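Here is a short note to read beside the structure. Keep the model open and look up each residue as it comes.

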Amino acid sequence: DSDPNTVASFILPFDMTDLADGVLDIWYKFGSGIEGGDIAAISVSVDGGSTQINLLTLQNQANGAWTNAILPLPPITNDQPVVDLILTADFNGASSDALSFDDGVVTANVVPEPGSGFMAGTLAMMAFAGIRHRRK
């Protein structure tokens, strides 16, 4: 059973409007190792935290070195105005355990507006036809 005084969650909202195929690049480090019963997780939510999709669970980790995690975001985060990044640690009653997150960056692809590829192609063809027509 967890001691509520040693459970911490941080919610960091970000915007994925007009973006898809996101990837979270984040670094983490344990100040003291995670022993049996301790757990940390990185999750996302698009409904205010009611439903969380786990990206990474950390258990039985040694302390010391910074570790880089590159985590693809699930498709449900595509084109969402609010995506919550949820960082959670439950140290099972130990107050001396520590966990740090740093340099979290989300990269994603821009979602083209519907019909934008067709419109650009149509304008290019119209311009070509107009230039060709003038040469006669």
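1. A term to start with. A residue counts as buried when its relative accessible area is under 20%, as exposed when that value is over 50%, and as partly exposed in between. The relative accessible area of Ser43 is 6%, so Ser43 is buried. Bear in mind throughout that the model is predicted.

2. The chain as a whole. The protein chain has 7 strands and 1 helix. Reading from the N terminus, the order of elements is β-β-β-β-β-β-β-α. There are 136 residues, and 27% of them count as buried. The chain exposes about 8,600 Å². Carbon and sulfur atoms supply 57% of that area.

3. Contacts along the sequence. Take the contacts between residues at least 6 apart in sequence. Of these, 83% join residues at least 24 apart. Point 8 gives an example with Ile86 and Phe10.

4. The open sheet. Which strands form it, and in what order? The order is β1-β6-β3-β4, with antiparallel pairing. β1 (7-14) and β4 (53-58) are at the edges. Each has a single partner strand, so one side of each lacks a neighbour in the sheet. On average, neighbouring strands of this sheet are turned by 15 degrees against each other, direction ignored.

5. Strand β3 covers residues 39-45, and strand β6 covers residues 83-90. The two pair in the antiparallel sense over 7 bridges. Find Ser43 again: its place is in β3. The bridge partner of Ser43 in β6 is Ile86. Leaving aside neighbours within four places in sequence, Ser43 is in contact with Gln52, Ile53, Asn54, Leu55, Asp84, Leu85 and Ile86.

6. The pairings of β2. Strand β2 (residues 19-30) pairs with strand β7 (residues 99-110) over 9 bridges, in the antiparallel sense. There, Ala20 stands opposite Asn109 in β7. β2 also pairs with strand β5 (residues 67-72), again in the antiparallel sense, over 6 bridges. In this pairing, Asp25 stands opposite Ile70 in β5.

7. The nonpolar core. How many residues does the largest nonpolar core have? It has 21, and Leu24 and Ile42 have the most contacts inside it. The elements giving two or more residues to this core are β2, β3, β4, β5 and β6. Look at Ile42 on screen. Leaving aside neighbours within four places in sequence, the residues in contact with Ile42 include Leu24, Ile26, Leu56, Leu71, Leu87 and Phe101. Ile86 is also one of the contacts of Ile42.

8. Ile86 in β6. Is Ile86 buried or exposed? The relative accessibility of Ile86 is 2%, so Ile86 counts as buried. Its place is in strand β6. Not counting residues up to four places away in sequence, Ile86 touches Phe10, Ile11, Ala41, Ile42, Ser43, Ser45, Gly49 and Gln52. Phe10 lies 76 residues from Ile86 along the chain, and their C-alpha atoms are separated by 5.7 Å.

9. Ile11 in β1. Now compare Ile11, found in strand β1. The relative accessible area of Ile11 is 51%, so Ile11 is exposed. Leaving aside neighbours within four places in sequence, Ile11 is in contact with Asp84, Leu85 and Ile86. Ile11 and Gly48 are 37 residues apart along the chain, and 9.5 Å separates their C-alpha atoms.

10. Two backbone angles to check. Most residues other than glycine have a negative phi. Asp18 is not a glycine, yet has a positive phi of about 60 degrees. Where is Asp18 placed? Asp18 is in the loop between β1 and β2. With a relative accessible area of 35%, Asp18 is partly exposed. Asp21 is not a glycine either, and has a positive phi of about 55 degrees. Asp21 is found in strand β2.

Note on methods:
Residues numbered from 1 in each chain as written. Predicted model: local features only at pLDDT ≥ 70, side-chain atom pairs only at ≥ 80, totals over all residues. Heavy atoms only, no water. Pairing = 2+ DSSP bridges. Helix = DSSP H or I, 4+ residues; strand = E, 2+ residues; numbered from the N terminus. Axes fitted to C-alpha atoms, helices over the stretch in contact; angles between N-to-C directions. Core = buried A, V, L, I, M, F, W, Y, C linked by side-chain atoms within 4.5 Å. Buried < 20%, exposed > 50% of the residue type's maximum accessible area, 1.4 Å probe, protein only. Contact = heavy atoms within 4.5 Å. Areas by Shrake-Rupley, 256 points an atom, 1.4 Å probe, with all protein chains shown as cover.
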